[in-house]
Amino acid sequence: MKCTLEGGNARIVAKAIQSLSKVGKELFIEADIHGLRMRSINPTQSAVASICFHRCMFDTFQLPPSGDCCCKIAMKPCLGVFRNMKQVEHCELSIVCNRTKFQVNLRCKLETTKQALIAIVDELNITSDVPTDRSSNIIRGDHKLLMEISNSFNSSEEELTLEATPDSLSAKNYIEGARVNDKFMRSQLKLKPSEFDHYQVAEGAVITFCIKEFRAFLLFAEALNAQLTLEFEDAGSPFFVKIKKHREIECLLILSTLSPDDVSFSEDYRPREISMCNSTNVAQKRKSSGPGQDVQQKRRLAEDTTLSDVDTALFQFREHRPERPSEAPSVQPARLLADGDTVDLVEEEADEEALLLAVSDAMEASQIPPPGSTEVCFYNTEDAPPTLIPSQMEHNDDEEDESIPQSPEREREQRVRTIFSRCFQNTYVPREPSPNSQVYAPNSDTED
Amino acid sequence: MKFRAKMLDVLYMREFQAIAATLAKLAKDCVMILGQERMHFIVNEEHCSTSSPLVWVSIGSKDYFPEYKMTPARPDEDFIVLVMSAMHLSRALAVLRSGTSSSVHSCKLKLKQIQFPCISVIATVVSPSSAEPREVVHDVPVTVVPASDWPSFVLPKVPSTQLVLGVPSLRLLRSLIDKLKNISPSLIFHGSATGELNLVAESEMATITTRFSRLLLHKVNQPQSPSATAAAAALEVSCSVDTRKASAFFNALQLPNEEIMIGIDKERCICLQLDIRSQVVLHSILPAVCI
């Protein structure tokens, strides 16, 4: 894939990436005959943002001979690349190095060029098969108006409730009838339908959704100076935010709304499904390889990634990568939002810490001092819908089957995911991350 | 127990918001005392870690509120005493500040009981993007203080001072004290009846004295007999206070006033007074520290 943009359009792409970065920590890029699509999913999988740039925004747009292409890259290096876009006059995006790197070439004023290579974490994509045009309630308004609504709530607010009736719309930070904390300040904003450009609400509906992603999209709408369209059905069914600009840019944010049975999202923030597998053979290999080799390997990876941090490069997924499609399917098999994402998303720091503690605990429990030989498996069983391997790349037969065929692997050597690489290094002290592991007296028994 | 008040003037609403913002900068919680004629706010952060001083504001209800109705819980009581988060109150009133982007028609304050007692701040706002007024409601949760606990929520009295000087450059004073904070932990206010105020900050290396001269003399005590008048003319008092406390007060001020009255009670306290309107006054007391 290779496409080039003129400076002004590149700035819009940069804005899009900035607002997507507020949704998720990974960026999914997909190119097809219609144009370039960028997607991001939030860690709780309650919001998917998708921004589509039409082909006419690009000066040149080349697809690989095989047709579509898609990749997943980490958001953090991306943000760094697309910062300070003022001087940029020309931008080129391409996938290079046998589809392992996403290359960004920026030509700035005074003949300065910036080149960045971002490691492609995975070749997968997320799709959703939620019908996006069947909502009965449609509200369209200027970004300024919606910005004012969002600004009248505290920035630390997590949820926003919209109560739409045919003759008024009220935005609240609480749910009517639900008991709130005694120290909680309730705020609400009542608006008349005439303030909106289009207001079509047949029956009253009350929806509650996460405000953070909504704000991220508002920011992009402000950059585009475009209108936003809010579409929703009822509590529990998805809420859509759409931005359209001259048919060139189409954005869609799908937010899950609170179902009437639940109490609140924020109380529902359960630990997400985390599975961490450490296959034995790799663990043994790691044990046999000295620390020097380990460091070397790391350094090589670090050199490979110009901009991304080492962490990103170390994110090697064990999942089998689906083979690339040989022909260009115009429509990808759609799946439900819930099983769309196969990715173990980068956890919040708190989660990471908790995991580290869990790792150390598990190690203590198993009484095996050398960390390299430990095989740790965490299964957080939860009755959430099962996470599936992506099937959208499936191509051999046209049937949209949910079963995943065993796909050929990459030529590269298989590496285990090493998110918590420190835990598996020889120098790792299992107890170290625990804050309450203060040693009051030196241990007399060296065995322990 | 009932309370409702309504503001209509944009200028007054903005001042009221500035008062709330000042309180929010000083302390987490504020006490609201509602009387028949006056409304009072007190902030007194008692924890030693925070260095904010005691500040109270008295608002004549007639000045700000064309409509003001207060019915105490029992007919023999004179007040309603409420405790609330100053931050919440300030946030709830923040909509009144946005003068240029949108205009506020009216702002109502109402004591309500929804699950818990709260003060509802109901603002009717007209944004420039549309002609329709919209309603912004914030329910600030409050704690109603029973009459038995009132003795601990009494409005402070302005201490008697020997000398009161009016300093016309509040902004200068603020930045000056902010800088002196880094030099000395205590700051000496030295005033004289000739209309001079010296601010002295001493460190091991240097003594910094800032002289404000030709200040307006608001009050000198005991001007009874001619001999006393002569003595009063030569009166000089000084008091040293915690610089951090003074700085916290001046930094918290969100009001546009430029003049502040500084009363000095010899080696006991500094009494600061900001006249926002004739019936709206902000006071603060900085206690003296021993050197």
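This is a predicted model: local features need pLDDT of at least 70, side-chain atom pairs count only at pLDDT 80 or more; totals for chains, interfaces and linings use all residues.
Residues are numbered from 1 along each chain as its sequence is written, and chains are lettered from A and ligands numbered from 1 in the order in which they are written.

View 1. Axes are lines fitted to C-alpha atoms, for helices over the stretch in contact, and angles run from 0 to 180 degrees between N-to-C directions. Lys15(A), Ala16(A) and Ser19(A) of α1(A) make the contact with Ala216(A), Phe217(A), Leu219(A), Phe220(A) and Ala223(A) of α4(A), where contact requires C-beta atoms, placed from the backbone, to lie within 7 Å. By class, this contact has 6 nonpolar, 1 polar and 1 charged residues, with Ala, Val, Leu, Ile, Met, Phe, Trp, Tyr, Cys and Pro counted as nonpolar, Asp, Glu, Lys and Arg as charged, and the others, Gly among them, as polar.

**View 2. An open sheet of 4 strands in chain B has the order β13-β12-β11-β15.** The pairing in this sheet is antiparallel, and two strands pair if DSSP finds at least two bridges between them. The edge strands, β13(B) (207-212) and β15(B) (236-242), each pair on one side only, and neighbouring strands are turned by 20° against each other on average, direction ignored. Strand β12(B) (residues 196-202) pairs with β13(B) over 6 bridges, and Glu202(B) has Thr207(B) as its bridge partner in β13(B). Helix α6(B) (residues 243-252) lies across β11(B) (186-192) and β15(B), running at about 85° to β15(B).

**View 3. Strand β11 of chain A pairs with β15(A) and with β12(A).** Strand β11(A) (residues 159-165) is joined by 6 bridges to β15(A) (residues 205-210), and these strands run antiparallel. Its pairing with β12(A) (residues 168-172) is also antiparallel, over 5 bridges, and β11(A) and β12(A) form a hairpin with 2 residues between them. Thr161(A) stands opposite Thr208(A) in β15(A) and opposite Lys172(A) in β12(A).

**View 4. Strand β9 of chain B pairs with strand β13 of chain A across the contact between the chains.** The contact takes 19 residues from chain B and 20 residues from chain A, and β9(B) contributes 8 residues, the largest share of the side of chain B that touches chain A. Strand β13(A) (residues 186-191) is joined to β9(B) by 5 bridges in the antiparallel sense, with Asp139(B) the bridge partner of Arg186(A). Within chain B, β9(B) also pairs antiparallel with β8(B) (residues 116-126) over 9 bridges, where Val125(B) stands opposite Arg134(B).

Key
Two residues are in contact if their C-beta atoms, placed from the backbone, lie within 7 Å.
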